[in-house]
Amino acid sequence: MIHKLTVPIPDEAIEALHVGDQVEISGVIFTARDAAHKYMVEQFIKTDGNPQESEWPLYELLQDKLNGGVIYHCGPVVAKDAGQWRFVAAGPTTSIREEVYQDLVIEHFNLKAVIGKGGMGPRTLAACQKFKAVYLHAVGGAGTLIAERVVEVEDVHKLKEFGVPEAFWQIRVEGFPAVVTMDSHGQSVHADVAAQSEAKLKELVAA
Amino acid sequence: MQDLTQALVELIRRTSTDLPADMELALREAREREAAGSAAQGALDTMLVNTEMSRAKSRPICQDTGTPIFEVHYPVGWSTRKLAAQIKQAVTIATEKSYLRPNAVDAISGDNSGDNSGVEFPTIHFHEWDEDAVKVDLMLKGGGCENVGAQYSLPNAPLKAGRDLEGVRRVALDAVTRAQGQGCAPGVLGIAVGGDRGASYAFSKQQLFRPLGDRNPDPELAALEETIKAQANELGIGPMGFGGETTVLDVQMDTMHRLPASFFVSVSYMCWANRRRSMTVRGDEVTYS
């Protein structure tokens, strides 16, 4: 069974999810990776919600759209046809680089899901449990397939400052496929697989 | 000297959008080994569907079109300076055509050059040879798998890895375990033993141009390639780190001379989107493989 999630995602829908579940997401989500996470934490969170005046419009937009919303760790390949942006390839990037920021962003914006690849660490897992959120794993490298599920590029923010891969792309997705690998009940596929493989490694290199 | 710019753009397009047949076959075989309905099998299915879509639509397999690494073999009398200029021009055109993502950023400020131009970017290595043809090998190596590559200086006490093939086996398995699914498993390992640090890493990447299943002519090294492949798959990390039967699709290694004082083992990890292709120019004839 595939769980269909629509943004904004209610807490009950998150609590119904467990590791291993397949989901499809629809609605408006934002790409955000290294530069965007650093920016959100420095501008919005460390200032207790008092960013520089120039950053207010984006802050208000994110407060609205990320409330119950979704962040996607992705730096897409894009094309512009007749003034309209289009996603050409848009698989996930490695998520663990955002481990130092993600829990703060989940709490501050009431984020309900983070999509990426490779999984995240204990800080993010704790935030998923405390604030009712999930980590969703998309298939790394599946750039063309996922781009097909991006039905509209609504807007892009910080394009000039951050560049194409690092900008906030505001996109409408339909049926974006992913697997729950960290749930709101404290379970993480990544922690389990790491523990099992490390035990096996010890066996394989036993003197 | 010919202008190869347009031929190079086509090489980049093919490399970015058309996964080589040996990789696609290996992914199909891996799919059959995973439990029906498992997350691992689902991930492999997604990879295979994506591979077909990218090829049909001529779009990048993966949005991280990586560091373009060019290995250029050229005949006596060709200008490497002019060839480099043509390669850089082709990379810029391929970026405009969205075969490549603008992927070169200033090391400190992070400012994106916008067209994949940059200091020592893309990577180009020239090799003069005796053939009357130009052969260009191209690999697009993404950041996720590049970040999980590792270099070990042996002996390594925690892993009890000495300066011998058993030590190489130990550190290679350690690298795969540390990588987990982060390098977009199932991947391919290129391993170099010897050299200085820089040469060792470069040589490990050259192994990744070998076709899957190609074994080192040295029977001892060939056996070790097989052993590391089998044992890496016993780790159970599986496709995308979801857990499963296939973590690596192949392991290819080779040795180079080293200093008596140094014993480096470099492990380059290539993701499942193992994009590498070749172009040969002989007279007016251009062939791709």
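Student: Within what distance do the axes of helix α2 and helix α3 of chain B come, and at roughly what angle do they cross?

Tutor: This is a predicted model, in which local features need pLDDT of at least 70 and side-chain atom pairs count only at pLDDT 80 or more, while totals for chains, interfaces and linings use all residues. Residues are numbered from 1 along each chain as its sequence is written, chains are lettered from A and ligands numbered from 1 in the order in which they are written, and side-chain values use heavy atoms, with hydrogens and water left out.

The axes of α2(B), residues 21-33, and α3(B), residues 39-57, come within 9 Å and cross at roughly 150 degrees; axes here are lines fitted to C-alpha atoms, for helices over the stretch in contact, with angles running from 0 to 180 degrees between N-to-C directions, and helices are DSSP runs (H or I, at least four residues) numbered from the N terminus. The two helices are therefore roughly antiparallel to each other, a term for angles over 145 degrees. α2(B) passes α3(B) in a left-handed crossing, meaning that the near helix is turned anticlockwise from the far one by less than a right angle.

On the α2(B) side, the contact (heavy atoms within 4.5 Å) is made by E24(B), L27(B), R28(B), A30(B) and R31(B), and α3(B) contributes Q41(B), L44(B), D45(B), M47(B), L48(B), T51(B), E52(B) and R55(B). By class, these residues divide into five nonpolar, two polar and six charged, where Ala, Val, Leu, Ile, Met, Phe, Trp, Tyr, Cys and Pro count as nonpolar, Asp, Glu, Lys and Arg as charged, and the others, Gly among them, as polar.

How values were computed: Parallel < 35°, antiparallel > 145°, perpendicular 65-115°, else oblique.
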